[in-house]
Amino acid sequence: MYNIAVVVNDLIDRVMVDSRLNANPRVDEAHHRVSAQGFKFLATEMVCWASGEPQRYSGRSMGDAHRHLMITSDEFGSLMDDFQQTLDKFAVPQPEQEELKAIVESTRESIVIASLEEAK
């Protein structure tokens, strides 16, 4: 749990100031409305739970928490880029990187809203 918390702490710090993500006005507004500390707590709890730790995720579903933000596939890709930078910073071994990236990727369908162009 402690190692996950350190990684999540760095990741959320990156995400909160990522201009690629904050170019979306809904995401930018959320980053100013929601405390980084609360975001870090829920993200740590969710990753611990998803990786088999005894913690239980107490937050809303990924869809309920993100749908209104209208996050695009490119924005999700920016998140994954931030995540890779964090994993590299802490020299997370490749097997653990793959497990953690799979956990985050498993949320893509609930978080990304298809653009109007993709829906046509």
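## Salt bridges across the chain

A salt bridge is a side-chain nitrogen of Lys or Arg within 4 Å of a carboxyl oxygen of Asp or Glu. This is a predicted model, in which local features need pLDDT of at least 70 and side-chain atom pairs count only at pLDDT 80 or more, while totals for chains, interfaces and linings use all residues. Residues are numbered from 1 along each chain as its sequence is written, and side-chain values use heavy atoms, with hydrogens and water left out.

The whole structure contains 10 salt bridges. One of them joins the side chains of Lys89 and Asp10, at 2.8 Å from N to O. Lys89 belongs to helix H6 and Asp10 to helix H1, so this pair ties together parts that are 79 residues apart in sequence. Helices, here and below, are DSSP runs (H or I, at least four residues) numbered from the N terminus. Lys89 is exposed, with a relative accessible area of 51%, whereas Asp10 is buried at 10%. Buried means under 20% relative accessible area, exposed over 50%, and partly exposed in between (1.4 Å probe, protein chains only).

## A network around Arg20

Asp18, Arg20, Asp81 and Asp82 are linked in a network of salt bridges. Within it, the side chains of Asp81 and Arg20 meet at 3.0 Å, N to O. Asp81 lies in helix H6 and Arg20 in helix H2 (residues 19–22), 61 residues apart. Asp82 also forms a salt bridge with Arg20, with the closest N and O atoms 3.0 Å apart.

Asp81 is partly exposed at 32%, as is Arg20 at 37%, but Asp82 is buried at 4%.

## The nonpolar core

A nonpolar core is a set of buried Ala, Val, Leu, Ile, Met, Phe, Trp, Tyr and Cys residues joined through side-chain atoms within 4.5 Å. The largest such core has 28 residues, of which Phe76, Leu79, Phe83, Leu87, Leu100 and Val104 touch the most other members. Helix H1 (2–17) gives the most to this core, with 7 residues.

Contact means heavy atoms within 4.5 Å. Leaving aside neighbours within four places in sequence, Val104 is in contact with Phe76, Leu79, Met80 and Phe83. Thr86 is buried, at 0% relative accessibility.

## Two positive phi values

Most residues other than glycine have a negative phi. Met70, in the loop between helix H5 (62–66) and helix H6 (73–89), has a positive phi near 55°. Ala91, in the loop between H6 and helix H7 (94–105), has a positive phi near 50°.
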